[in-house]
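Colleague: I should like to learn how to read a model of this kind in an orderly way. May we proceed feature by feature?

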Amino acid sequence: MDTVRYRCLVGAVFTSAALMIVGAVALAGHRVDRGPAKITVKTPGSTKKPPVTFDHAMHQDRVRSGATCKTCHHNPEARRDCLSCHGKPANEKTPELKDALHKRCKGCHKKIATEKPNAPTSCDGCHKK
Ligand code: HEC
Ligand code: HEC
Ligand code: HEC
Ligand code: HEC
């Protein structure tokens with residue numbers, strides 16, 4: 001009886017130690033740069049609409065927003081600044097920043113409007129003064 005219990009205990013200690021190592025390796029391997037928690041996007045030089053501030057961290061939380069990194073950062077290149085590719089002048093292939101972001105951001109919000117009324121679809125909901 002006693003030896004069995006002893007073996008179980010040793011087994012448990014080894015298992016939890018192994019799990020801790022696996023956990024630590026997994027954490028280290030997944031340390032991606034998540035960028036700022038809050039982000040303000042602004043078309044340089046534009047005065048038509050106030051810039052848009054949104055909760056990047058909340059949007060990264062798939063459970064809450066339904067988005068993965070790729071939903072917005074569609075391009076696998078390391079460069080993640082949308083403006084670096086979607087700056088003016090746009091060409092027929094690459095939409096300008098406003099159109100790219102309206103399509104991506106507003107597009108999702110409109111689609112989920114009934115289940116997620118907190119996802120703004122009105123101009124002022126995103127372009128807050
Ligand atoms: C809802 C859309 C959206 C989602 C989802 C999203 N991001 Fe972002 N992210 C943005 C926008 C917009 C910017 C600002 C880019 C810019 O400055 O033009 C940004 C900026 C960043 C930056 C800073 C880039 C820079 O050059 O300043 C990093 C890093 C980043 N995101 C990582 C991630 C990772 C990792 C995930 C997934 C866990 C993620 N993002 C999910 C929209 C998103
Ligand atoms: C490295 C360059 C690059 C970066 C960075 C980039 N894009 Fe794009 N994007 C493109 C190109 C090129 C196209 C047109 C070809 C295509 O559809 O892939 C495009 C097309 C799009 C489109 C229209 C096609 C579609 O997928 O619906 C949207 C919307 C878009 N980008 C949003 C974004 C957003 C939002 C960001 C920043 C989070 C971003 N892009 C960052 C290069 C880039
Ligand atoms: C895949 C779907 C999806 C995409 C893409 C998306 N959103 Fe959202 N967004 C949501 C959801 C869902 C909520 C509401 C979450 C809640 O109810 O708590 C939200 C809430 C918001 C809010 C209000 C809360 C806050 O963040 O301050 C703003 C502003 C916003 N989104 C801006 C944006 C912008 C800007 C983009 C594009 C860069 C974007 N969203 C792209 C799903 C999305
Ligand atoms: C889901 C969020 C969202 C909604 C809703 C939205 N926008 Fe935007 N819009 C953005 C983002 C993000 C940008 C790019 C950053 C910027 O320049 O403000 C942008 C850019 C713009 C720009 C170009 C920048 C400028 O100031 O010239 C105009 C104009 C604009 N939006 C008008 C509108 C109008 C009009 C509506 C309502 C019909 C609207 N937007 C609704 C997110 C949104």
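Colleague: Which residues of α6 are buried?

Modeller: Burial is judged by counting neighbouring C-beta atoms within 10 Å, and 20 or more are needed. In α6, Leu-97, Leu-101 and Cys-105 are buried. The cover over the buried residues of α6 includes β1 and α5.

Colleague: Is His-102 buried or exposed?

Modeller: His-102, which also lies in helix α6, is exposed because 12 other C-beta atoms lie within 10 Å.

Colleague: How much of the whole chain is buried?

Modeller: Of its 129 residues, 4% count as buried.

Colleague: What is the order of helices and strands along the sequence?

Modeller: The chain contains seven helices and two strands. Along the sequence they follow the pattern α-β-β-α-α-α-α-α-α.

Colleague: What confidence does the chain carry?

Modeller: The mean pLDDT of the chain is 82, with 74% of residues reaching 70 or more. Where pLDDT is low, the predicted coordinates should not be read in detail. Here confidence is lowest in helix α1 (residues 2-29), with a mean of 50, and highest in β2, at 98.

Colleague: Let us turn to the ligands. Which residues are closest to ligand 1?

Modeller: For a ligand, one lists the surrounding residues, then asks which elements supply them and of what class they are. Ligand 1 is surrounded by 18 residues, the closest being Gly-35, Ala-67, Cys-69, Cys-72 and Cys-82. At least two residues of this shell come from each of β1 (38-41), α2, α4 and α5 (82-86). By class, the shell around ligand 1 holds eight nonpolar, six polar and four charged residues.

Colleague: How many residues surround ligand 3, and which are closest?

Modeller: There are 22 residues around ligand 3, and Asp-55, Cys-105, Cys-108, Asn-118 and Ala-119 are the closest. Two or more residues of that shell come from each of β2 (52-55), α2 (56-60), α3 (62-65), α4 (69-72) and α6. Helix α6 gives the most, with five residues. The shell around ligand 3 divides into 12 nonpolar, six polar and four charged residues.

Colleague: Which residues come nearest to ligand 4?

Modeller: Of the 21 residues around ligand 4, the nearest are Thr-43, Ser-46, Lys-48, Cys-123 and Cys-126. The elements giving two or more residues to this shell are α6 (97-111) and α7 (123-126). The largest share, seven residues, comes from α6. Nine residues of the shell around ligand 4 are nonpolar, seven are polar and five are charged.

Technical notes:
Residues are numbered from 1 along each chain as its sequence is written. Chains are lettered from A and ligands numbered from 1 in the order in which they are written. This is a predicted model: local features need pLDDT of at least 70, side-chain atom pairs count only at pLDDT 80 or more; totals for chains, interfaces and linings use all residues. Helices (H or I, at least four residues) and strands (E, at least two) are DSSP runs, numbered from the N terminus. A residue is near a molecule or strand if its C-beta atom, placed from the backbone, lies within 6 Å of it. Ala, Val, Leu, Ile, Met, Phe, Trp, Tyr, Cys and Pro count as nonpolar, Asp, Glu, Lys and Arg as charged, and the others, Gly among them, as polar. Two residues are in contact if their C-beta atoms, placed from the backbone, lie within 7 Å. pLDDT is the predictor's confidence in each residue, from 0 to 100.
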